[in-house]
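Keep the structure in view while reading.

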Amino acid sequence: MENRINGIHHITAIAGDAQTNYDFYTRVLGLRMVKKTVNFDDPNTYHFYYGDENGTPGTILTFFPWGNQIPAGRRGTRQATEIGYSVPEGSLDFWLKRLEANKVTYNKPAEKFGEQYLTFLDPDGLKYELTVPKVADNRTPWTTPEVTAEYATRGFHNVTITTTNIAETAKVLTDIFGYRLVEQHVNRFRFVTDAVDNANIVDLVEAPGERAGHVAKGSVHHIAFRVANDDILMEFRQKVLDAGLQITDKIDRNYFYSLYFREPGGVLFEIASDNPGFATDETVEQLGSGLMLPPQYEPRREQIVKVLPVLG
């Protein structure tokens, strides 16, 4: 895993109501709340992190729940349009019944690249796929009494980007990130890195006639790609600059270090480090149990807590 992009680190999306988001992801999907903090740029808004027991990169899904007053997003080009989770063989029937019982919008299972998958929408319209991968995903899942290990999600399988022309986005994936094109079906192109075994797939869908999407409630905000540490992070910063793209300086996000740049197809990419991890201000056992504020906002805790919605 040295000096390479090690697949997906996390994916961040925009949600509406905070309680609805929390209930859906912890109770319906059975993910762990790994960290409850605030948006670094807007401390009056939560930033939720969901994942496995330890908040392992490749399992981390994060949300800015900005409230139901924000408009709904629209899927289209220049956007990450689908988030894929891997699930065990034989689990799709369980998920069909669970989604139906919880009145979740879904489609019947289909097949893509030789893998069965099930599509559904979260309460804000964010689109997901539960995929049974060709090679079993042996990551240890977070489980709940209702979502046990034989059914639980293992972490990310893939993410899909829709674009009018895949060429420049593909060049970032191959020339900078070390991915390679392995399969194509009609207008869907599958890129994979062999640096890791899981959370290592990016699908590019080429849709030249489709209008641009709008990022708002129910939309992916950005995709973060993983590196082992912040020294390697800075090596990739130079690679992005050498490719003629603009990129931020290194940003300390408390639980990882980040760089941000917009790839030529219009999607916001982040490169994030594994270090220092989520068990820095809480133990692994305590993860997600308290409101953890960045140091600059700790003096304003009382004021911030009054503004944030109370979670039941």
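## A residue in the interior

A residue counts as buried when its relative accessible area is under 20%, and as exposed when that area is over 50%. The model discussed here is predicted. Phenylalanine 236 has a relative accessible area of 2%, so this residue is buried. Its place in the secondary structure is helix α4, which covers residues 230-242.

What does phenylalanine 236 touch, once neighbours within four places in sequence are set aside? The contacts are Asn3, Arg4, Ile5, Ile176, Val227 and Ile271. Valine 305 is another matter. Phenylalanine 236 and valine 305 are 69 residues apart along the chain, and their C-alpha atoms are separated by 37 Å.

## The chain as a whole

The protein chain holds five helices and 16 strands. The C-alpha trace spans about 55 × 50 × 35 Å along its principal axes.

Of the 312 residues, 57% are buried. Phenylalanine 236 is one of the buried residues. Take the contacts with a separation of 6 or more: 68% of them join residues 24 or more positions apart. The accessible surface of the chain comes to about 13,500 Å². Carbon and sulfur atoms account for 47% of that surface.

## The largest cavity

How many cavities of 30 Å³ or more does the model contain? The count is two.

By class, five lining residues are nonpolar, six are polar and two are charged.

## The second largest cavity

The volume of the second largest cavity is about 40 Å³. Which residues line the second largest cavity? They are Lys112, Glu115, Tyr117, Thr131, His157, Asn158 and Arg190. Two elements each give two or more residues to this lining: β7 (115-121) and β9 (155-163).

The class make-up of this lining is one nonpolar residue, three polar and three charged. Tyr117 belongs to the lining, and tyrosine counts as nonpolar here.

Key: Residues numbered from 1 in each chain as written. Predicted model: local features only at pLDDT ≥ 70, side-chain atom pairs only at ≥ 80, totals over all residues. Heavy atoms only, no water. 1 Å grid on protein atoms, 1.4 Å probe; cavity = no way out; pocket = protein on both sides within 12 Å on 5 of 7 lines; lining within 4 Å. Points joined across faces, edges and corners; volume = space filled by probe spheres on them. Helix = DSSP H or I, 4+ residues; strand = E, 2+ residues; numbered from the N terminus. Buried < 20%, exposed > 50% of the residue type's maximum accessible area, 1.4 Å probe, protein only. Contact = heavy atoms within 4.5 Å. Areas by Shrake-Rupley, 256 points an atom, 1.4 Å probe, with all protein chains shown as cover.
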